Amino acid sequence: MNVALPALVVFVLLLPGFIARSRIKRAERLSLDYSPFGQVVTEAVVWAAGLHLVWVAATNAFTTWQFRPDIALTLLSSDTSVQTKALHAVAAQAPSVTLYLATLLAAAYLVPSALRRFISWRRLDRLGSPWGAWLRFSGAPWYYLLSGADFPRGRSPDLIAISAIVSVAGKPYLYSGILDDYYLDQDGRLDRLILEQVMRRPLDRDKPGAETPDDGSRFYPIDGDYFVLRYSEAITLNVEYILLARADDVS
């Protein structure tokens, strides 16, 4: 009994599903995917079944090659003689089978990637969207928070202001600037923020009040084009979305 062949056949059949599943996700984690094994397999099987159904239907409709489910099932048999006959049948159609698998794998990579880009472009995954609960990318919290992706299409924030409290020599300072970019580590945690036009002040010089006059000296700018703020050094983080007034709105 050859148990390696059925395992290889199952792997080849499910491989497009695993590829499609990985490409449709907007995962911020670069290391191993710690999703439950059952969830991973189920999603891969669903994707693989859908892709195979479409590809088999297209193959039967637009080519002379016809899908033979009896041969595919025979490859999963535990009988060596039956497996051998099925292998000979597959070998006789090797060019067609190879083309089928090659185009299917390419589609498994490209189609979900294009679908993910379309969803993000149309903002179909934002909060408040009719499809948001179904299409939202669950593994990308920083993407939604630091890109303004939850705003309607065409009304994205023009600027994203970041304020963070950082301890310097045991004294808390408030840093404030405009977000230029951000980076994540391999586990999907926020690693650092790249800020522009950064100012800072000691936290004890709080907003103007009875004890602290607003003389414009509370904040002072930090020289430099970009300021790198490590998230691990920030005590708190505040995000403010800024929408500039349009000329048509003013008129």
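Mentor: Let us begin with Arg 21, which counts as buried because its relative accessibility is 6%; buried means under 20% relative accessible area, exposed means over 50%, and partly exposed lies in between, with a 1.4 Å probe and protein chains only. This is a predicted model, in which local features need pLDDT of at least 70 and side-chain atom pairs count only at pLDDT 80 or more, while totals for chains, interfaces and linings use all residues. Residues are numbered from 1 along each chain as its sequence is written, and side-chain values use heavy atoms, with hydrogens and water left out.

Trainee: With which side chain does Arg 21 meet in a salt bridge?

Mentor: A salt bridge is called when a side-chain nitrogen of Lys or Arg is within 4 Å of a carboxyl oxygen of Asp or Glu. Here the partner of Arg 21 is Glu 43, with 2.6 Å from N to O. The pair links distant parts of the chain, 22 residues apart, since Arg 21 belongs to helix H1 (residues 4-24) and Glu 43 to helix H2 (residues 37-62); helices (H or I, at least four residues) and strands (E, at least two) are DSSP runs, numbered from the N terminus.

Trainee: Where does Asp 187 lie?

Mentor: Asp 187 is placed in the loop between strand E2 (171-184) and strand E3 (190-202), and its 31% relative accessibility makes it partly exposed. Its C-alpha atom is separated by 7.6 Å from that of Glu 28, although the two residues are 159 positions apart along the chain.

Trainee: Turning to the helices, at what angle do H1 and H5 pack?

Mentor: For such an angle, axes are lines fitted to C-alpha atoms, for helices over the stretch in contact, and values run from 0 to 180 degrees between N-to-C directions. H1 and H5 pack at about 20 degrees, with their axes 8 Å apart. That makes them roughly parallel, the classes being under 35 degrees for roughly parallel, over 145 for roughly antiparallel, 65 to 115 for roughly perpendicular, and oblique for the rest. The residues that meet (contact means heavy atoms within 4.5 Å) include Val 12, Leu 15 and Ile 19 in H1, and Leu 101, Leu 104 and Ala 108 in H5. By class, this contact has 13 nonpolar, one polar and two charged residues; Ala, Val, Leu, Ile, Met, Phe, Trp, Tyr, Cys and Pro count as nonpolar, Asp, Glu, Lys and Arg as charged, and the others, Gly among them, as polar.

Trainee: How are H2 and H5 oriented to each other, oblique or roughly parallel?

Mentor: H2 and helix H5 (residues 94-122) pack at about 125 degrees, with axes 11 Å apart, and they are therefore oblique to each other. Their contact involves, among others, Trp 47, Leu 51 and Trp 55 of H2 together with Tyr 100, Leu 104 and Ala 107 of H5. Its residues divide into nine nonpolar, three polar and no charged.

Trainee: Which residues other than glycine have a positive phi?

Mentor: Two cases to look at are Ala 169, with phi near 55 degrees, and Gln 197, with phi near 50 degrees. Ala 169 sits in the loop between strand E1 (159-168) and E2 and is exposed, at 84%. Gln 197 has its place in strand E3 and is exposed as well, at 66%.

Trainee: Finally, how many helices and strands does the whole chain have?

Mentor: The protein chain comes to eight helices and six strands, in the order α-α-α-α-α-α-α-β-β-β-β-β-β-α along the sequence. Of its 251 residues, 28% count as buried. Among contacts with a separation of 6 or more, residues 24 or more positions apart account for 61%.
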